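Open the model in your viewer and keep the selection tool at hand.

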Amino acid sequence: MDSQAFRKHGTEMVEYICKYMETLKDRRVTPSVEPGYLRHLIPSEAPYEPEEWGRIMQDVEDKIMPGVTHWQHPRFHAYFPAGNAYESILGDMLGDGIGCIGFSWAASPACTELETIVLDWLGKAIGLPDHFLALKEGSTGGGVIQTSASECVLVSMLAARAQALKRLMAKHPNSEESHLLCKLIAYCSKEAHSCVEKAAMISFVKLRILEPDENASLRGRILAEAMEEDEQQGLVPFFVSTTLGTTGSCAFDSLEEIGKEIQRFPCIWLHVDAAYAGNSFICPELKPLLKGIEYADSFNTNPNKWLLTNFDCSTLWVRDRIRLTSALVVDPLYLKHCYDDAAIDYRHWGVPLSRRFRSLKLWFVLRSYGISGLQNYIRRHIELAKRFEQHVLKDKRFEICNQVKLGLVCFRLKGNDKLNEKLLSTINESGKLHMVPASVNDKYIIRFCAVAQNASEDDIDYAWETIVDFANELLEKEQHDELSEIINRKKEDTLAKKRSFFVRMVSDPKIYNPAINKAGTPNMSLDVTSPVVGNSRNPIIRTQASTDRNTWISWPLAFLFNSNNDEGGAKSNVSLR
Ligand code: PLP
């Protein structure tokens, strides 16, 4: 394609995107397809000869779009928002057009420098302490854009691990690093995102998963007690991942309590994962939710969730950039340049070497909306969530299951989990709305998130009316089914009684030997097959299978060890994913 054709097709593509956005509400929010649908529509081999642009675009509409879940659809209330402002799309397009790979300052100075500046802008707007800002006089910290919150948590954990190992090696110079590594233990709440567990698996460290309070918030005391207990067993607490705005119910760990409690642990690194909620702290009235941030070593939020910026744009700030980079630095000659010591090289701040010019889109968004425009957008979503909450509260058949502080409402029909599962699956199957479930306080709940960029009151009212319609139908059916079940059970009971009396007369020893009833149930032995710390009679650490305590340890690679899949090629019991 030459620039003349690019101009033509580029204009057409912008037109296609505009039309897509403007007519989005006429499409089904979720696709009605089955796994493998696309294999039947697209050839199994790439074309040998070039194809016409028009034919490719036709296939987009005919084959790709039917399998797309429309995250920008006004009926999409699942997960969290996926930023997609036009300003961001254009910024990304420019980054793609420039096509530089900014792994070092020299590889593209503007790519590196804009990232540093924009991260300082956003960090200030959020209200992060000065030590997180790269360009603040005397600061040792700074910000970086990563691909995802998962990566932010992983690199923070890797930095914490390196810091802890360095300290331990200084204390025990004759020890093997691997011996010290197996002593490290990280912590998070049961409500933390699963990426913390994944980071621990990759980092090859133990992770203790703690029970939060009734508001799904991890409390300082619970954490400190677990850390003390582990220290007594010879383990070394080195990393705590807290969450501000959990994925399940947008709950907030008690950062201030945690920060104070962990001061006495010398090796600890405190991370704050605020993937969704962190963006909202640009509003002055929401800054109290950030209380305790002064204790943190690192903080991440995803502008690609709730700040109108396209994926990927996960922003991570660290208190001490040397502690981060010293865990990740590798320095081959071909990547060196003459400003190595004077400039930031972001290749040392993360896992990949190559990096896109991602700060451009965030810069476009911040400048086009201004902080005030972004505050209005956040406040609007919160207002809409509160409106939805009011609808739920007015209907006594439903209950609210979280403290609605931001744009997420967790609710359920009063009744059992099955009923709520049924309600959600029928709504989702209808294609009229899309929501996802979560488990809060061990209950199945339905998450309703204000997602669409320009969501309106009408969208919220429509969603609620749709939910009520499905609930009415379901409850009516349940009542009818319950009645028929009672009648059927009565019939069966009478029949069974007649039958069982006859069978018991000939086969049940309890009928003629009352001593059998007194013997009770035989003792069930506790099968602790996983490695334990402490003596084997009183194991203090168990795998997630354990049910007799409210904490779990996720062992590095426990997943592999526990699977039945031996190397001999036994059939995997893990589903395709
Ligand atoms: N942390 C929290 C609190 C989240 O809500 C999510 C995703 O929703 C993640 C981490 C993972 O985000 P990512 O997909 O950017 O890795």
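Which residues around the ligand come nearest? Of the 13 residues there, they are A149, S150, T247, D273 and N302; a residue is near a molecule if one of its heavy atoms lies within 4 Å of it. This is a predicted model, where local features need pLDDT of at least 70 and side-chain atom pairs count only at pLDDT 80 or more, while totals for chains, interfaces and linings use all residues. Residues are numbered from 1 along each chain as its sequence is written, and side-chain values use heavy atoms, with hydrogens and water left out.

Select S150: an N or O atom in its side chain is 2.5 Å from an oxygen atom of the ligand. Next, D273 has a polar side-chain atom 2.6 Å from a nitrogen atom of the ligand. For N302, a polar side-chain atom lies 3.0 Å from a ligand oxygen atom.

Now select helices α5 (residues 149-171) and α7 (residues 194-203). Their axes (lines fitted to C-alpha atoms over the stretch in contact, with angles from 0 to 180 degrees between N-to-C directions) come within 9 Å and cross at roughly 45 degrees. That makes α5 oblique to α7, the term for angles that are not under 35 degrees (roughly parallel), over 145 (roughly antiparallel) or 65 to 115 (roughly perpendicular). Residues in the contact (heavy atoms within 4.5 Å) include S150 and L154 of α5 and A199 of α7.

Finally, select α4 (residues 109-126) and α12 (residues 359-394), whose axes are 9 Å apart at an angle of about 40 degrees. The two helices are therefore oblique to each other. Among the residues making this contact are W121 of α4 and W363 of α12.

Technical notes. Helix = DSSP H or I, 4+ residues; strand = E, 2+ residues; numbered from the N terminus. Polar contact = N/O pair within 3.5 Å; in protein donor to acceptor, adjacent residues only side chain to side chain.
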